[in-house]
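User: I'd like to learn how to read helix packing in a model. Can you walk me through this one?

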Amino acid sequence: MTLNLANATAAQRDDREFVLSAIKSSGIAIQFASPARRADFEIGMAAVKKNGRALQFVSESLRADRRVVLAAISKWAIALEFAAPHLRDDREVVLKAVKKWGIALKHASSRLQADREVVMAAVNRNSAALKYASKKLSAEFEENTPVGRQLGTGAATVKEKKGKA
């Protein structure tokens with residue numbers, strides 16, 4: 001039996017077991033849970049493991065929890081958009097996201113949008129990610145026209161200029 005959290009009573013939305021059962025079929029159902037349940041680590045983690053987009057609906061404290069954000073990104077890279085600012089500035093977190101989907105660079109901190117390795121990873125995954133790189137790196141990469149494109153993926157092979165670190 002699938003539990004429908006959207007049509008649940010206030011008591012059911014706050015019932016831990018009811019909410020855990022409901023998100024087993026739909027991680028984003030967490031959006032209908034009570035604030036206390038959206039802040040529950042076990043429930044939040046189960047929700048993002050089911051559907052990374054659920055990160056949008058968990059509490060701020062869980063959006064600031066590295067373990068929860070990494071779990072969400074492993075399911076849906078664009079979940080980086082809903083991560084706390086300090087995690088959008090965490091190199092490991094951002095690299096994981098852009099290696100999965102380059103466009104996630106859009107939600108990285110400006111510091112990491114200017115990080116050569118992060119931008120290379122994003123652009124190698126999807127050349128359209130270049131528009132989210134810092135102006136300086138974007139200009140450098142545009143000078144180095146992509147030498148190959150994998151049709152259907154948007155991925156490009158980019159060569160760095162010789163002598164650049």
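User: In what order do the elements of the chain run from the N terminus on?

Analyst: They go α-α-α-α-α-α-α-α-α-α-α-β-β, which comes to 11 helices and 2 strands. Helices (H or I, at least four residues) and strands (E, at least two) are DSSP runs, numbered from the N terminus. This is a predicted model, where local features need pLDDT of at least 70, side-chain atom pairs count only at pLDDT 80 or more, and totals for chains, interfaces and linings use all residues. Residues are numbered from 1 along each chain as its sequence is written, and side-chain values use heavy atoms, with hydrogens and water left out.

User: How do I read the packing of α8 and α10?

Analyst: Two packed helices are described by the angle between their axes and the distance between the axes. Here α8 (residues 91–100) and α10 (residues 116–125) pack at about 15°, axes 7 Å apart. That makes the two helices roughly parallel. Axes are lines fitted to C-alpha atoms, for helices over the stretch in contact, with angles from 0 to 180 degrees between N-to-C directions; under 35 degrees counts as roughly parallel.

User: Which residues of α8 and α10 meet?

Analyst: On the α8 side they are R91, V94, L95, V98, K99 and K100, and on the α10 side E117, V118, A121, A122 and R125; contact means heavy atoms within 4.5 Å. By class, that contact has 6 nonpolar, no polar and 5 charged residues. Ala, Val, Leu, Ile, Met, Phe, Trp, Tyr, Cys and Pro count as nonpolar, Asp, Glu, Lys and Arg as charged, and the others, Gly among them, as polar.

User: Which residues of α8 are buried, and what covers them?

Analyst: An α-helix has 3.6 residues a turn, so residues three or four places apart point the same way. In α8, the buried ones are V93, V94, L95, A97 and V98, and their cover includes α6 (66–75), α7 (85–88), α9 (110–113) and α10. Buried means under 20% relative accessible area, exposed over 50%, partly exposed in between (1.4 Å probe, protein chains only).

User: What does R66 touch?

Analyst: R66, in helix α6, touches L87, D90, E92 and V93, leaving aside residues up to four places away in sequence. Its side chain and that of D90 are joined by a polar contact of 2.8 Å. At the start of α8, a side-chain oxygen of D90 also reaches to within 3.0 Å of the backbone nitrogen of E92. R66 counts as partly exposed because its relative accessibility is 31%.

Methods. Angles under 35 degrees count as roughly parallel, over 145 as roughly antiparallel, 65 to 115 as roughly perpendicular and the rest as oblique. A polar contact is a pair of N or O atoms within 3.5 Å; within protein, one must be able to donate a hydrogen and the other to accept it, and residues adjacent in sequence count only if both atoms are side-chain atoms.
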